[in-house]
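Visitor: I am new to this structure and would like to learn how to read it. Please take me through it feature by feature.

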Amino acid sequence: MNLLVGDILKMKKPHPCGSKEWELLRVGMDFRMKCLGCGHMVMLARAQAEKNIRGVVRDGNTLSLDSIKNAGTSGNGAKRQEPEAADGK
């Protein structure tokens, strides 16, 4: 799943404060997330977090889980091709 720092994750179950939304602060084998209801911060294993995600808000747009899952294979690491110089030789 292609998640970025700053994404807002909508989770399956609510935090005890009642909020289901978490801001993603760190991405790796573990996720560091901050509850948007009370500000509590937690570290959660990536597998556990991905299992409980129900939606993602990025730049004000709600993204489908299919687009997030497939975004990792759509060429984020691909090099951009530079146009060839037309020097006439």
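Guide: Start with the elements: helices and strands are runs assigned by DSSP, numbered from the N terminus. This is a predicted model. From the N terminus on, the elements of the protein chain follow the order β-β-β-β-α-β-β-α.

Visitor: How many helices and how many strands does the protein chain have?

Guide: There are two helices and six strands in the protein chain.

Visitor: In what order do the strands lie in the sheet?

Guide: Strands of a sheet pair through backbone hydrogen bonds, in either a parallel or an antiparallel way. Here six strands form an open sheet, in the order β4-β3-β2-β1-β5-β6, and the pairing is antiparallel. From one strand to the next, the twist averages 35°.

Visitor: Which strands stand at the edges?

Guide: The edges are taken by β4 (41-45) and β6 (61-63). Each of these has a single partner strand, so one side of each has no neighbour in the sheet.

Visitor: How many bridges join β1 to β2, and how many join β1 to β5?

Guide: Between β1 and β2, which run antiparallel, there are three bridges. Strand β1 (residues 8-11) is joined to strand β5 (residues 53-58) by four bridges, and these two also run antiparallel. To follow the pairing residue by residue, take I8, whose bridge partner in β2 is E23. L9 stands opposite W22 in β2, and M11 has I53 as its bridge partner in β5.

Visitor: What do β2 and β3 form?

Guide: They form a hairpin, with three residues between the two strands. Four bridges join β2 to β3, and the two run antiparallel. In one of these pairings, W22 has C35 as its bridge partner in β3.

Visitor: What else is C35 in contact with?

Guide: Leaving aside neighbours within four places in sequence, the contacts of C35 are H15, C17, S19, E21, W22 and H40.

Visitor: Which residues make up the largest nonpolar core?

Guide: In soluble globular proteins, nonpolar side chains tend to be buried together. In this structure, the largest nonpolar core has 12 residues: L3, L9, M11, W22, L24, F31, M33, C35, A49, I53, V56 and I68. Two or more of them come from each of β1, β2 (21-26), β3 (30-35) and β5. The largest share, three residues, is given by β3.

Visitor: What share of the protein chain counts as buried?

Guide: Buried residues are 25% of the 89 in the protein chain. The accessible surface comes to about 6300 Å², and 49% of that belongs to carbon and sulfur atoms.

Visitor: What share of the contacts joins residues at least 24 apart?

Guide: The count takes contacts between residues at least 6 apart in sequence, and 31% of those join residues at least 24 apart.

Visitor: Where does pLDDT stay under 50?

Guide: It stays under 50 over residues 74-82, and for this stretch the model has two contacts beyond four places in sequence. Over the protein chain, pLDDT averages 83, and 79% of the residues score at least 70.

Definitions and conventions:
Residues are numbered from 1 along each chain as its sequence is written. This is a predicted model: local features need pLDDT of at least 70, side-chain atom pairs count only at pLDDT 80 or more; totals for chains, interfaces and linings use all residues. Side-chain values use heavy atoms; hydrogens and water are left out. Buried means under 20% relative accessible area, exposed over 50%, partly exposed in between (1.4 Å probe, protein chains only). Contact means heavy atoms within 4.5 Å. Accessible areas come from the Shrake-Rupley method with a 1.4 Å probe; for residues, only the protein chains shown count as cover. Two strands pair if DSSP finds at least two bridges between them. Axes are lines fitted to C-alpha atoms, for helices over the stretch in contact, and angles run from 0 to 180 degrees between N-to-C directions. pLDDT is the predictor's confidence in each residue, from 0 to 100. A nonpolar core is a set of buried Ala, Val, Leu, Ile, Met, Phe, Trp, Tyr and Cys residues joined through side-chain atoms within 4.5 Å.
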